[in-house]
Amino acid sequence: MARQLDEQIAGRFPVGQRLRVLDVGMGQGTQALRLARAGHQVTGVEQDARMVAAARQALAAEPEGVRARVRLIEGDGRDTGVHFLPGSFDVVLCHGVLMYVEDPDALLAGLARMLAPGGLLSLLVRNADGLAMRPGLAGDWVGALGAFDSTQYTNRLGLDVRADRLGTLTATLAGIGAPLHAWYGVRVFTDQAADAAAVPERGELQTLLAAEERAGRTEPYRRVAALLHLCGVRG
């Protein structure tokens with residue numbers, strides 16, 4: 001998914017431009033630090049104090065130049081209007097967050113307001129149109145049947161959360177002034193891999209990633225991916 005994000009950034013902004021990035025729900029800061037290493041000014045927002053502590057620890061190990069480009073805030077992504085002025089960012093990330101938000105429209109509208117004209121909104125969500133794939137491929141026929149008409153599921157942490165449909169988010173993005181520009185499938189083939197599975201050798205890993213990348217861009221495979229990566233652009 002990092003490659004997809006980089007592709008969208010490269011296609012929207014001049015080469016070498018130092019972007020103002022807001023990462024809402026940054027977790028341990030993996031994406032934030034990656035973008036800061038690339039020279040961008042990154043603000044990470046996370047409401048889980050343990051995740052913020054982990055991000056601070058990871059940041060402390062970075063060179064001074066990277067540390068100077070990162071600001072970490074412990075807070076709720078729905079309160080961006082409290083911390084920032086509208087139009088303050090060129091790129092806003094919201095990855096792996098919407099599944100925990102019962103009604104995401106207000107959150108998304110707030111994030112869109114943070115974007116400068118031409119800014120990029122990057123979302124990573126659970127794909128409601130592919131919810132039957134995981135139980136179906138695991139032989140859980142009851143679970144598969146129940147997933148076809150639902151947007152609710154239990155994640156691998158045992159939490160009851162919510163998935164989003166591509167059509168619904170497309171309409172939402174249009175309504176908040178950041179219409180869908182591109183979308184990809186994520187974890188088309190690898191969603192069944194166990195969390196503790198060993199990482200393949202380098203050659204095999206590169207082939208696996210190439211297959212996932214191709215599937216994530218190709219119909220009909222991308223429509224049944226476990227996750228969707230959507231990129232909206234502020235008008």
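## Salt bridges in this model

A salt bridge here means that a side-chain nitrogen of Lys or Arg lies within 4 Å of a carboxyl oxygen of Asp or Glu. By that rule, the structure holds 13 salt bridges.

Please keep in mind that this is a predicted model, where local features need pLDDT of at least 70, side-chain atom pairs count only at pLDDT 80 or more, and totals for chains, interfaces and linings use all residues. Residues are numbered from 1 along each chain as its sequence is written, and side-chain values use heavy atoms, with hydrogens and water left out.

## Glu62 and Arg37

Let's begin with Glu62 and Arg37, whose closest N and O atoms are 2.8 Å apart. This pair links distant parts of the chain, 25 residues apart: Glu62 sits in the loop between helix 3 (49–60) and helix 4 (64–67), and Arg37 belongs to helix 2 (residues 30–37). Helices (H or I, at least four residues) and strands (E, at least two) are DSSP runs, numbered from the N terminus.

Glu62 is buried, at 13% relative accessible area, while Arg37 is partly exposed, at 47%. Buried means under 20% relative accessible area, exposed over 50%, and partly exposed in between (1.4 Å probe, protein chains only).

## Arg165 and Asp129

Arg165 pairs with Asp129 in a salt bridge, with 2.7 Å between the closest N and O atoms. The partners are 36 residues apart and again join distant parts of the chain: Arg165 lies in the loop between strand 7 (160–162) and helix 9 (166–175), Asp129 in the loop between strand 5 (115–126) and helix 7 (133–137). Arg165 is partly exposed at 25% relative accessibility, and Asp129 is partly exposed at 42%.
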